[in-house]
Amino acid sequence: MRTLLITGPGGSGRTTVAAATAHQAAAGGARTLVLSADRTDTLGAALGVRTGASPVRVTPHLTAWRPDAAAGFRDDLTGFQDRATTVLDLLGASRLDPEEVTPLPGAEELTLLRALRDAALAEAHDLLVVDLPPAPQALALLALPEELRRYLRRLLPPERQAARALRPMLGRLAGVPMPAEWLYETTARWDTELAAVEAVLADRDTAVRLVAEPGPAGAEAVRDARLGLALRALPVESLVANRVLPEEAADTGLLTGLVAQQHKTLGEWGEAHRVAHLGHDPRGADDLAALTVPAVNPAASPVEWPVADRLAQDGVLVWHLPLPGAIRDELDLIRRGDELVVTAGPFRRIVPLPSVLRRCTVDGAALRDGELCVRFAPDPGLWPRTT
């Protein structure tokens, strides 16, 4: 199954492009599921069919699903309270009824990740189209599984769970209940769920389609999004220039400046796929077909972070990290044990070092043509000796 994540600046028409992309793929015979996390039914408005908590069949090959974050949050909280009854009673806490629970900020994003995981594991579709939030929120969402798993490993390391047999005895000695079994079981379950989402995002058949209106704001947003996606090693399958005005619109006078602005940005974007402005908000199958979005690219290249062996020539190993649009003054690197903390503009990621680099020290770094090259010199105390 291929997964196509669609995002772009707020107000760029990304939901409509997601609907058109899914509609086109389904018309070609691909079993397609389109997902959205919006509270309002913008996806259904574009498709011409109401969507909601249960998947709805739009066409014979197209299904749309907008998971209910409130219901998912209520179920999670109810389950948590059931498992934590002993601890809550000890603290004198009163339980929350499901009817009084409203989802917290971020619940929609977590619900979307869970739906993404469930859809991938079901293997019932050929293509999964995901209407992500606007680019800044989408980038934070895509980072969430990896970062949460890292937090869980730091807060509750797996090796500490080996001492579970001692906890009942320690609890009797201390006179208070020790961390209950459900805490570790819950942590393990969360880690498994997050790992499944992370696997979908890291899959070679997962790519991102960026949607933006051509213009200064759109160009800046696309540059930031490309950099943030590159830092997460997510490939950009295509760039869709949406709502492109026809050249004749410049003759009206009022739109002359806007047409010129779009033309300039389109020149900078090069091979961006152009989707014409229909003159109205697209609604229903006919309008979606008229948008002529690009077909899903079956050969999107995964982002590679190769390690080049330059030991014979320069005595170093070079780790190549493609970061298009990165600015030298906004780059920062910190080595922390077996991890490298990479900051590029507003984005940061903590990445584990490849095994061969863990026995090395950082020898320097350089940014060339949108690629960060980090040099590593072998540590004599850790590097295997040759005879």
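## Helix packing and nonpolar cores

H5 and H6 are roughly perpendicular to each other, a term for angles of 65 to 115 degrees. The model is predicted: local features need pLDDT of at least 70, side-chain atom pairs count only at pLDDT 80 or more, and totals for chains, interfaces and linings use all residues. Residues are numbered from 1 along each chain as its sequence is written, and side-chain values use heavy atoms, with hydrogens and water left out.

The helices H5 and H6 pack at an angle of about 65°, their axes 11 Å apart; axes are lines fitted to C-alpha atoms over the stretch in contact, and angles run from 0 to 180 degrees between N-to-C directions. Contact means heavy atoms within 4.5 Å.

| Helix | Span | Residues in the contact |
|---|---|---|
| H5 | residues 107–122 | Glu109, Leu110, Leu112, Leu113 |
| H6 | residues 135–155 | Leu141, Leu144, Pro145 |

By class, the residues of this contact are 6 nonpolar, no polar and 1 charged. Here Ala, Val, Leu, Ile, Met, Phe, Trp, Tyr, Cys and Pro count as nonpolar, Asp, Glu, Lys and Arg as charged, and the others as polar.

The largest nonpolar core has 58 residues. Such a core is a set of buried (under 20% relative accessible area, 1.4 Å probe, protein chains only) Ala, Val, Leu, Ile, Met, Phe, Trp, Tyr and Cys residues joined through side-chain atoms within 4.5 Å. Among the members touching the most others are Leu35, Val130 and Trp269. Helix H9 (residues 216–231) gives the most to this core, with 7 residues. Beyond four places in sequence, Val130 is in contact with residues including Leu35, Leu112 and Leu116.

Of the 387 residues of the chain, 43% count as buried.

Definitions and conventions:
Buried means under 20% relative accessible area, exposed over 50%, partly exposed in between (1.4 Å probe, protein chains only). Helices (H or I, at least four residues) and strands (E, at least two) are DSSP runs, numbered from the N terminus. Angles under 35 degrees count as roughly parallel, over 145 as roughly antiparallel, 65 to 115 as roughly perpendicular and the rest as oblique.
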